[in-house]
Structure formats: C-alpha cells, structure tokens
Amino acid sequence: MDLQQVKERYAKMKDAELQHLAKYEIHQLRPEVVEYVKEEITKRGLDSRLTEVVDNQLRELSNEEIEQYIQTIQSLPCPKCTLQFERLNASLIHKIRSFIFMTNYESKIYIACDTCISKEKNKQLLLNSLLGWWGFPWGLIKTPVFITKHFTENAKRENFGKTILTEFVQDNASELYLRKDNTAELQYFIKRINEY
Ligand SMILES: [Zn+2]
C-alpha cells in the first residue's frame with residue numbers, strides 16, 4: 001500500500017480508533033508506519049504517554065517489569081470490598097448454566113483479596129452445582145469438570161494466582177502502563193475486568 005494513503009487513513013481515524021491501534025496493534029505494522037501513528041498522536045495532542053505505549057509494544061516486558069506490575073496490582077485496595085488488609089490475588093471464576101439442550105459456560109479472571117475470591121468462587125460453585133447439569137450433553141460433561149477445577153485450583157491458589165497475574169500483565173501491558181501511577185484508575189480498571 002502507498003505510504004501516503006496509509007498516512008491519510010490514520011489522519012481520518014477517530015481518536016478512539018487511534019488509541020486502540022496504539023495500545024494493541026502496533027506489532028502488526030511496518031516500522032515506517034509506526035512512526036506515522038506516533039506523529040498523529042502528537043499532532044492531535046493526545047496523551048503523550050501513548051507514544052511510549054507504542055514503543056513498549058515493540059519489545060517484550062522484562063521479568064522485572066512484570067514483577068513490578070504484579071506487586072503494584074497486589075498492593076491495591078480490593079476492588080470488591082475496598083479493604084487493604086490482604087495482598088490481592090487472582091483466580092479463575094468458572095460459570096456454567098444449562099437449559100435443556102443449551103449450555104453456556106465461561107472461565108474468567110477475578111482479581112481481589114483472598115476473602116472476596118473465596119466468596120465469589122463458593123457462590124459460583126453452588127450455582128454451578130444447581131444450574132450446570134440440566135443440559136444435554138454439555139451440562140452433564142462440563143459441570144463435574146468445573147466443580148473439580150474449583151477444588152484443584154483452590155489447593156494451589158497462591159502459585160496459580162501468580163501464573164494468572166503474569167498472563168494478565170502481559171495481555172494488558174498498555175492499559176497498565178497508562179495507569180501505573182494512579183491507584184484509583186488502576187483499581188477501577190481491575191474492577192471492570194472482574195465485572196466484564
Ligand atoms: Zn476483598
């Protein structure tokens with residue numbers, strides 16, 4: 001594609017589209033095109049840290065950076081109960097609901113204090129045990145798998161939480177970078193992840 005055309009395409013993008021590109025799609029672009037994105041961000045007067053986000057995406061996070069982000073997340077007040085007595089942890093919440101031939105299921109990340117994680121996991125264990133089975137065949141197949149996961153994951157919650165947080169940091173590096181110095185914004189971001 002003609003570079004001039006590419007430049008014009010970026011010039012026509014909405015701010016939100018350009019921000020999304022800067023946060024998530026930089027690694028798919030050619031180096032000269034990446035420069036256009038940075039120019040366009042500067043020209044529009046968008047958050048100047050977005051150009052840093054662009055550069056960050058062109059390299060891997062170091063282990064130290066990942067560890068730093070994990071510690072920042074773990075020292076936040078709990079996004080659920082807002083208390084700050086415990087270091088935050090992460091777990092997966094498994095949900096399964098069936099109705100005759102239909103079964104919906106999902107496993108999603110949940111970051112909170114251990115007390116809130118236990119509450120949410122126990123609530124879903126109960127709901128899964130009551131509402132998971134009633135679909136053929138997936139309800140019958142998946143419900144015992146999800147119930148077993150509840151117990152096996154709880155047994156290794158500390159290590160499992162670390163693995164989940166590491167993946168979470170790698171997947172959300174751009175968003176975390178933009179919020180790393182603002183506790184309230186970071187806490188709100190995590191809260192939205194939990195509710196999503
Ligand atoms: Zn809590």
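Modeller: In this predicted model, helix α2, residues 15–24, packs against helix α4, residues 49–57, at an angle of about 40°. Their axes are 7 Å apart. On the α2 side the contact is made by Q19, A22 and K23, and on the α4 side by L50, V53 and V54. Four of these contact residues are nonpolar, one is polar and one is charged.

The nonpolar cores come next. The largest nonpolar core has 17 residues, and I73, L88, I111 and A112 are those with the most contacts inside it. At least two residues of this core come from each of α5 (63–74), β2 (102–112), α6 (114–131), α8 (157–171) and α10 (183–195). Strand β2 gives the largest share, three residues. Apart from this core lies another, of seven residues, which includes L21, V37, L50 and V53. L50 and V53 are also among the residues of α4 that make the contact with α2.

Within the largest core, I111 is one of the residues with the most contacts. Leaving aside residues up to four places away in sequence, I111 touches I73, P79, L88, A90, I190, I193 and N194.

The strands complete the picture. Strand β1, residues 89–99, runs antiparallel to β2, and eleven bridges join the two. F99 stands opposite M102 of β2. The hairpin of β1 and β2 has two residues between the strands, and there I100 takes a positive phi near 55°.

Note on methods
Residues are numbered from 1 along each chain as its sequence is written. This is a predicted model: local features need pLDDT of at least 70, side-chain atom pairs count only at pLDDT 80 or more; totals for chains, interfaces and linings use all residues. Axes are lines fitted to C-alpha atoms, for helices over the stretch in contact, and angles run from 0 to 180 degrees between N-to-C directions. Helices (H or I, at least four residues) and strands (E, at least two) are DSSP runs, numbered from the N terminus. Two residues are in contact if their C-beta atoms, placed from the backbone, lie within 7 Å. Ala, Val, Leu, Ile, Met, Phe, Trp, Tyr, Cys and Pro count as nonpolar, Asp, Glu, Lys and Arg as charged, and the others, Gly among them, as polar. A nonpolar core is a set of buried Ala, Val, Leu, Ile, Met, Phe, Trp, Tyr and Cys residues joined through C-beta atoms within 7 Å. A residue is buried if 20 or more other C-beta atoms lie within 10 Å of its own, exposed if 12 or fewer, and partly exposed in between; C-beta atoms are placed from the backbone. Two strands pair if DSSP finds at least two bridges between them.
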